[in-house]
Amino acid sequence: MKDKATIILDIDNQKQEYNYDILDSTRGPKAVDLRTFYSDTGLFTYDVGFTATAACSSRVTYIDGKKGELRYRGYEIEKLVSKHSYLEVCFLLLNEKLPTKEQLMHFDIELRHRSFLHEGLKNIFGAFPDNAHPMATLSAGVTSLASFYFDHLDIKDDIEYKEMAYRLIAKIPTVAAFAYRHSIGTPLIEPDINLSFTENFLFMMRAYPHNNLKVTADGQEQINPIEIKALDTIFSLHADHEQNASTTVVRSVASTGAHPYVAVSSGINALWGRAHGGANESVIAQLNMIGSVENVEKYIKKAKDPNDEFRLMGFGHRVYKNFDPRARVLKKLQDELKQTLKLDSHLMEIANKIEAIALSDEYFIKRNLYPNIDFYTGIILTALRIPKQMFTAIFVIGRTVGWITQYIEFKKDNQSKIARPRQVYKGK
Ligand code: ACO
């Protein structure tokens, strides 16, 4: 027998009973199907911030927030990133299965070929002021892709959709790198088709025109394999995260029939906020502001004060009420990198003290506030010589595949509808 939910309304002393189906899930909570609730009862459900609302059904990513578990297409994140590259993760998200060697080679080549930007698109970078934040330029650059490829996509045409997906995954790192180069006033460096996805991004960020220099002024390799591997892992950890704020924005924009490039660019804007992907930049700014280990207690006190707006950046999560599994991977990576790269030991000391206090403090324990992914990315990205204004852009590069996968899933779902929440009116 199917599970059912009975809701009894008691309004003006009149009781009325309504029955609803309970929808099955393969993992995690089932859901009461309330799609006819308003037409049945004339009432809305009230759920600010969607804390108890499933807005779609999905086969892409699963999170168990209590256990601290994250799976892409059924694969546990820790195992997946320890064995597979970011491009394999992209292939998995898009195709529901890991690629064979040959499929991976084709996918990689397709992306390399699409990493270049239309000459006309390059003109937009010059229109931004010097020092423009790369996220502003990146978002504008991705929106403008819709003017270069304004094809009306037919969801039944897998080839068109594949083309769109490959284009976005391949071009967004180039737009991001160009946005950065423009912001610091250095010449734009074209992609190098001979390099892998992640190495190419570092190359576009760092190379000199004509690419002759293999070492930096202080004798370091211009791009070393440890950095490529670490950044590749960071991209994989960011690749998708279920129905988070930016993905919900992407799906909502998709629901209006807007172009996929515009939907992804809307996701970029949503991600920029410091309660979401912008937190990684804020973590480093906050560690610098705290300034020394001696000041940590003072800021923990501020974070706990209900009358103070100060929050510890990189702590807490809507879904994880346990250690964020991505943070676990990064903590391990951070320890490994300590041996091989120059991690900012001063900032790490401050971060370690915050973490130790927060994990044993009643305020944080009671509210299940654990370090999230952004707490660790800042220090690691600094060690990878990524400037802090690019931290959220790194998140964008990783997350692009997730947004596209969710966009396609939305389009293929015949139950999808335009996103149109209602309100409880309190005005005159
Ligand atoms: N520092 C101090 N207190 C916190 C923090 C924090 N970082 N996060 C939550 N709290 C407290 C709240 O004040 C609240 O306390 P109360 O019950 O006494 O009022 C309680 O914990 C619950 O917090 P909510 O804001 O209701 O939790 P919500 O699920 O809405 O917010 C969020 C989650 C936005 C991530 C929040 O924890 C936060 O602002 N964290 C800091 C920013 C951050 O790191 N964002 C990155 C998230 S991960 C990502 O997007 C990739």
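Does Thr26 count as buried or exposed, and at what relative accessibility? Thr26 counts as exposed, at 86% relative accessibility. The model is predicted.

**Thr26 and its loop**
- Thr26 sits in the loop that runs between β2 (14-23) and β3 (31-32).
- Between the C-alpha atoms of Thr26 and Ala263 the separation is 28 Å, and the two residues are 237 residues apart along the chain.
- A salt bridge joins the side chains of Asp24 and Lys30, at 3.7 Å from N to O.
- Asp24 counts as exposed because its relative accessibility is 59%.
- Lys30 has a relative accessible area of 44%, so Lys30 is partly exposed.

**Salt bridges elsewhere in the chain**
- The count of salt bridges comes to 26.
- Lys412 and Asp158 meet through their side chains in a salt bridge of 3.3 Å, N to O.
- This pair links distant parts of the chain, with Lys412 in helix α18 (residues 391-412) and Asp158 in helix α7, 254 residues apart.
- Arg251 and Glu409 form a salt bridge in which the closest N and O atoms are 2.6 Å apart.
- Arg251 belongs to helix α10 (residues 245-255) and Glu409 to helix α18, so their pairing ties together parts that are 158 residues apart in sequence.
- Arg251 counts as buried at 6% relative accessibility, and Glu409 counts as buried at 15%.
- One network, joined by salt bridges that share partners, takes in Lys67, Glu69, Arg71, Glu76 and Lys79.

**Arg181, buried without a salt bridge**
- Arg181 lies in helix α7, which spans residues 158-183.
- Arg181 is buried but has no salt bridge, and Glu190, the nearest side chain of opposite charge, is 11 Å away.
- A salt bridge requires the nitrogen and the carboxyl oxygen to be within 4 Å.
- A polar atom of the Arg181 side chain lies 3.0 Å from the backbone oxygen of Pro187.
- The backbone oxygen of Ala207 is 2.9 Å from a polar atom of the Arg181 side chain.
- Leaving aside residues up to four places away in sequence, Arg181 touches Thr186, Pro187, Leu188, Ile189, Met204, Met205, Arg206 and Ala207.

**Helices α9 and α14**
- Helix α9 (residues 225-237) packs with helix α14 (residues 325-340) at an angle of about 170°, and their axes are 11 Å apart.
- That angle makes α9 roughly antiparallel to α14.
- On the α9 side, Ile226, Ala230, Thr233, Ile234 and Leu237 meet residues of α14, namely Arg326, Val329, Leu330, Leu333, Leu337 and Thr340.

Note on methods
Residues numbered from 1 in each chain as written. Predicted model: local features only at pLDDT ≥ 70, side-chain atom pairs only at ≥ 80, totals over all residues. Heavy atoms only, no water. Helix = DSSP H or I, 4+ residues; strand = E, 2+ residues; numbered from the N terminus. Buried < 20%, exposed > 50% of the residue type's maximum accessible area, 1.4 Å probe, protein only. Lys, Arg positive; Asp, Glu negative; His and termini not counted. Polar contact = N/O pair within 3.5 Å; in protein donor to acceptor, adjacent residues only side chain to side chain. Contact = heavy atoms within 4.5 Å. Axes fitted to C-alpha atoms, helices over the stretch in contact; angles between N-to-C directions. Parallel < 35°, antiparallel > 145°, perpendicular 65-115°, else oblique.
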